[in-house]
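Dear colleague,

Here is the structure I said I would pass on. My notes on it follow below.

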Amino acid sequence: MKSLFKQTALAAMIGLSTPALASLAYVSNEKDNTLSIIDTDTHEVVETIDVGQRPRGILLSKDYTKLYICASDDDTVQVFDLATRKIVDTLPSGEDPEQFALHPNNKHLYIANEDDAIVTVVDVETKDVLAQIDVGIEPEGMAVSPDGKWAVNTSETTSMLHWINTETFEIEKNIVVGQRPRHVEFSKDSKIAWASAEIGGTVHIIDVDNLEQIHEMTFKVPGVNQDRVQPVGIELTSDGKYAFVALGPSNHVAVVDAKTYEVLDYLLVGARVWQLDLDKDEKHLYTTNGVSGDVSIIDINDMKVIKSIKVGRYPWGVVIDPTS
């Protein structure tokens, strides 16, 4: 990777066309307190960086200049500068931040504080706490709709989705779902929300206009005990064709027709698959596998796992910078 940067700089100096840089995938390793950086062309770890204690949720700023990291055991959100690859700031987060979501305005960060049963809203520019919203017990998942109208929090013990109006910072509706909801993913047009319930073994499809459930999915992985089928992370393709659901300790990813909600296939990945992200061309899906300490890469065209990449202990989150 270093030699590629040198080639790019040299080419720029002598007026040659610069080689295209590969996208970079960032993986949080919650047991090692590190961040693994993967080159998506070579499928190799190019750098490992020390970060805060128990890093879990990670996300990119909307301008792709920063990476935000939930350092859960430090009770803070760290700001990682992508250009210098250094932690440059911290944000107030409340206790035990687990997951978070950034509003499309690139300013308002919604943070789930599991120990306090609140959602904290922070302005990432001023570092002001704009609101603290009471939610259910053990809040974890956070999502903001692409149109910016809704922030959704999942409370694990209360088994609810809390729908927060992003203008008023008030809850407008609570929707009961399966046991231990962990993650919410919106369709690109903000019309549909997908919510996983880990212990319930279900995924709930919500019509956003009406804030009503329109479908409930279950999963049956051949040869796997049903109590090990625990949906967590969800990733949707931008064309609305596929949904991918990480099924936790079943060690499989479900491939779902995003229009009919039919399960098309189950793909075997590493142990305790947790979170997912697509690369910039949506040709490959990356999965974090906590117990096996690796990342699986799925070829979307063939729907096959093509590689496993060893990272740190208990990889949790993964995001891919489409501009790198």
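Salt bridges

Arg54 and Asp96 form a salt bridge, with their closest N and O atoms 4.0 Å apart. Arg54 sits in the loop between strand E3 (44-50) and strand E4 (55-60), and Asp96 in the loop between strand E7 (86-92) and strand E8 (97-102), so the pair ties together parts that are 42 residues apart in sequence. Arg54 counts as partly exposed because its relative accessibility is 25%. Asp96, with a relative accessible area of 7%, is buried. Please keep in mind that this is a predicted model.

A second pair is Lys127 with Asp89, whose side chains meet in a salt bridge at 3.0 Å, N to O. Since Lys127 lies in the loop between E10 and strand E11 (129-134) and Asp89 in strand E7, this pair ties together parts that are 38 residues apart in sequence. Lys127 is partly exposed, at 35% relative accessibility. Asp89 is also partly exposed, at 31% relative accessibility.

Negative patch

On the surface there is a patch of negative charge, where Asp73, Asp74, Asp75, Glu95, Asp115, Asp116 and Glu138 gather. Asp116, one of its members, has its place in the loop between strand E9 (108-113) and strand E10 (118-123). With 35% relative accessibility, Asp116 counts as partly exposed.

His204 is found in strand E18 (residues 202-207). It counts as buried, at 3% relative accessibility. Which residues is His204 in contact with, leaving aside its neighbours within four places in sequence? They are Val177, Gly178, Ala193, Trp194, Ala195, Ala197, Gln213, His215 and Glu216. For Trp194, the separation from His204 is 10 residues in sequence and 5.7 Å in space, C-alpha to C-alpha.

Ala22 has its place in the loop between helix H1 (2-14) and strand E1 (24-29). Ala22 is buried as well, with a relative accessible area of 7%; the cut-off for buried is under 20%. Not counting residues up to four places away in sequence, Ala22 touches Asp39, Thr40, Asp41 and Ser324. Ala22 and Asp321 are 299 residues apart in sequence, yet their C-alpha atoms are 9.6 Å apart in space.

Regards

Conventions: Residues numbered from 1 in each chain as written. Predicted model: local features only at pLDDT ≥ 70, side-chain atom pairs only at ≥ 80, totals over all residues. Heavy atoms only, no water. Patch = residues over 30% accessible without salt bridge, like charges linked within 9 Å, V, L, I, M, F, W, Y side chains within 5 Å. Areas by Shrake-Rupley, 256 points an atom, 1.4 Å probe, with all protein chains shown as cover. Lys, Arg positive; Asp, Glu negative; His and termini not counted. Charge placed at Lys NZ, Arg CZ, Asp CG, Glu CD. Helix = DSSP H or I, 4+ residues; strand = E, 2+ residues; numbered from the N terminus. Buried < 20%, exposed > 50% of the residue type's maximum accessible area, 1.4 Å probe, protein only. Contact = heavy atoms within 4.5 Å.
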